[in-house]
Amino acid sequence: MRILIVEDEARLAGFIQQGLTQAGHVADVAATGPEGLERAAATPYDCILLDLMLPGQSGLDVLRNLREFGLSVPVIILSALTDARHVVSGLEAGAVDYLRKPFAFDELLARLLIIGRKTAGPAGAEALHLADLVLDPLGRTVTRAGRPLSLTNREFAVLDLLLRNAGRVVTKTRLAEKVWDVEYDMGSNVIEVHISQLRRKLDRDFAPAPPLLETVIGQGYRLREPME
């Protein structure tokens with residue numbers, strides 16, 4: 001799942017993000033209400049984990065704005081506000097669940113699993129296809145010519161982004177922002193390293209089949225149908 005964590009406590013946000021990544025999810029972090037709303041409007045998340053006490057805009061207002069904008073993404077409220085009126089207000093505003101802080105991380109994973117089962121099949125969760133390449137976002141599996149590919153979480157996230165933009169160039173800046181949640185550092189080669197490993201698994205291991213992953217010099221990377 002692609003998950004947005006809207007939490008201003010940096011240590012807790014980092015803990016949740018690390019745990020979700022280790023569990024096989026892709027997690028982004030927003031530290032303020034307005035930033036969370038902006039990210040949610042720009043990216044098709046599978047779930048949002050939302051604190052209520054946020055700088056700039058309260059979590060409850062963020063949630064109301066999401067629903068006013070017509071965004072139906074499932075939202076789980078994570079809050080230290082534990083009395084019944086806060087729980088009721090959150091659910092009435094459109095949250096699907098309310099988890100009181102402090103919480104057990106395994107409980108959060110279990111609730112995300114339930115959401116994943118309920119949302120199986122909507123747009124954005126369908127299998128992505130290009131030539132003989134198939135990526136299943138829900139099952140987190142990738143195959144080419146019927147053969148499974150063993151990808152790391154980062155490689156899976158990179159391939160997912162490239163497939164959703166098949167035929168279009170994805171810049172290094174966008175890869176850094178969407179997959180690593182950081183600004184692109186021109187002095188770092190982390191993206192090139194992951195692309196190289198992905199190309200080996202995706203194309204070189206399937207030679208002489210035509211390659212799918214293309215480097216567009218000076219621009220970025222692109223997945224496209226092989227030339228006839």
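Modeller: Let's start at Ala131, which you will find in the loop between strand S6 (128-130) and strand S7 (133-136). Helices (DSSP runs of H or I, at least four residues) and strands (runs of E, at least two) are numbered from the N terminus. Please keep in mind that this is a predicted model, where local features need pLDDT of at least 70, side-chain atom pairs count only at pLDDT 80 or more, and totals for chains, interfaces and linings use all residues. Residues are numbered from 1 along each chain as its sequence is written, and side-chain values use heavy atoms, leaving out hydrogens and water.

Now look at the backbone of Ala131: phi is positive, about 55°, although this residue is not a glycine. Most residues other than glycine have a negative phi, and most peptide bonds are trans. With a relative accessibility of 42%, Ala131 counts as partly exposed (buried is under 20%, exposed over 50%, partly exposed in between, with a 1.4 Å probe and protein chains only).

Next come the peptide bonds. Between Lys101 and Pro102 the bond is cis, and omega is near -10°. Pro102 belongs to the loop that runs between strand S5 (97-100) and H5. Another cis bond links Ala207 to Pro208, this time with omega about 10°. To find Pro208, go to the loop between helix H8 (190-202) and strand S11 (213-216).
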